[in-house]
Amino acid sequence: MTQPRIKVLVIGAAFSADLHMEGYQRCSDLARVVGICDMQPDRIDALASRYRLEDYTKYSSYERAIAESGCDVVDICLPNFLHHPVALCAFRHGKHVVCEKPLAITAAQAQDMTEAAKAAEKCLYYAEDWLFAPAVVRALEIVREGAIGDLLFIRAREAHSGSHSPFAQTIAGCGGGCMIHLGIHPVGLALALGDNRWTCVTADVTGGMERNLVHKAMEGEDWASCSMSFENGIRAVVEANYVTVGGMEDVIDFYGTKGCLHVDLDFSSAVRCFSIPGVSYTIEKAEITTGWSSPAVDEKYNLGYVGEIRHFMERASAGRDAMPGLRGIDGLECMRAVEAIYAAAKAGTAVKNPNL
Ligand SMILES: NC(=O)c1ccc[n+]([C@@H]2O[C@H](COP(=O)([O-])OP(=O)(O)OC[C@H]3O[C@@H](n4cnc5c(N)ncnc54)[C@H](O)[C@@H]3O)[C@@H](O)[C@H]2O)c1
């Protein structure tokens with residue numbers, strides 16, 4: 001007997017919703033989108049028509065959408081400051097929740113969300129796409145088979161020229177700057193490798209507004225780096241910035257006692273193109289596409305969005321939590337680490353993990 005498909009309500013119909021919709025389109029055997037909610041109805045129309053979605057309901061209020069859509073899963077693709085209230089509303093109505101990164105704008109909010117999931121006996125899935133990027137999955141297989149010996153440290157960064165989203169300009173909307181917004185991907189990867197057991201962080205950030213390198217009107221920092229140590233001996237050097245032009249960089253280097261491994265998620269396309277008029281799209285955040293470029297091949301798959309949605313839908317069908325790195329608790333640990341990184345940068349000294 002075929003299982004009934006999971007019914008999904010997508011809340012927020014812009015950039016990240018588009019990434020997730022690709023995932024739903026490719027796991028239509030498991031799930032179907034029954035509703036889309038956004039304050040801007042034209043965005044819902046555009047998203048639905050891009051994915052040829054017809055049998056769904058449009059909502060402008062997330063409370064109404066959660067109460068009335070009959071969904072099993074609420075997928076939160078909203079600005080960071082809305083993750084907490086929308087997740088709590090979803091758990092009150094007995095839904096599973098997929099939540100974009102960062103889980104919330106503070107660790108306290110993130111903790112609230114994990115507790116609400118537990119009380120409702122529902123799952124909170126933390127959408128960290130890096131862990132599903134096929135190149136990262138392959139790299140981790142190579143590391144785990146011992147091909148580079150014992151893992152010593154990773155160096156990882158996400159960087160581009162700045163978020164398109166207005167909420168990312170304020171601390172109240174976003175929770176910080178590029179570290180919480182971009183750096184949370186490499187932080188999440190490092191935490192997954194270190195079983196969430198970081199012992200100590202040191203950090204440096206530009207500090208926002210006039211102290212920033214480029215984005216002088218942005219409240220959060222536009223450049224950040226940190227060093228993390230883990231109980232299992234691994235170290236991680238993480239960088240995030242909004243000052244990188246030429247397209248998004250998602251780069252990870254792994255160093256072990258018997259080898260090393262380099263992963264480049266954005267610039268590793270097998271296609272090389274020279275164009276005088278320019279290509280309509282090459283890679284995320286590329287400002288120009290003329291001259292030589294490496295247009296991405298199946299970018300949403302290669303950045304992990306397709307894999308993460310399938311994983312969450314498989315787990316939701318079985319009423320099971322996600323694998324490590326993608327559970328609510330992992331999103332909470334990312335928030336705790338990010339807060340420690342900001343505290344270390346502010347104090348100018350190392351911050352130890354108070355929970356170890
Ligand atoms: N995993 C990734 O690589 C990745 C990439 C981009 C964004 N994100 C995350 O996804 C989330 C959303 O980011 P985005 O770039 O899609 O933002 P966005 O600004 O492009 O879109 C947010 C959408 O939410 C809608 N909205 C705002 N308030 C609302 C409300 N109260 N009710 C209904 N709709 C409302 C807006 O109209 C807008 O369409 C953020 O948490 C961000 O960090 C993750």
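Okay, let's start with helix H6: its buried residues pack against strand E7 (151-159), helix H8 (178-193), strand E11 (249-256) and strand E12 (259-264). Keep in mind that this is a predicted model.

So which residues of H6 are buried? H6 runs over residues 134-144, and the buried ones are Val136, Ala139, Leu140, Ile142 and Val143. Now look down the axis of H6: these buried residues fall within an arc of 160°, so they line one face of the helix.

A word on annotation. The unreviewed UniProt entry marks residues 138-261 as "domain: GFO/IDH/MocA-like oxidoreductase". In the model, that span is 22% helix and 35% strand, and its end C-alpha atoms sit 11 Å apart.

Now let's jump back to strand E1, residues 6-11. Is E1 mostly covered or mostly open? Mostly covered: 5 of its 6 residues are buried.

And which strands does E1 pair with? One is E2, residues 31-37, in the parallel sense over 6 bridges. If you want to find that pairing on screen, pick Lys7, whose bridge partner in E2 is Arg32. Another is E4, residues 73-76, also parallel, over 4 bridges.

One last thing about E1: together with helix H1 (residues 15-25) and E2, it makes a right-handed β-α-β unit.

Note on methods
Residues numbered from 1 in each chain as written. Predicted model: local features only at pLDDT ≥ 70, side-chain atom pairs only at ≥ 80, totals over all residues. Heavy atoms only, no water. Buried < 20%, exposed > 50% of the residue type's maximum accessible area, 1.4 Å probe, protein only. Helix = DSSP H or I, 4+ residues; strand = E, 2+ residues; numbered from the N terminus. Arc of directions from axis to C-beta. Contact = heavy atoms within 4.5 Å. UniProt positions renumbered as here; feature names shortened; annotations may be inferred. Pairing = 2+ DSSP bridges. Right-handed = clockwise from strand over helix to strand, strands pointing away.
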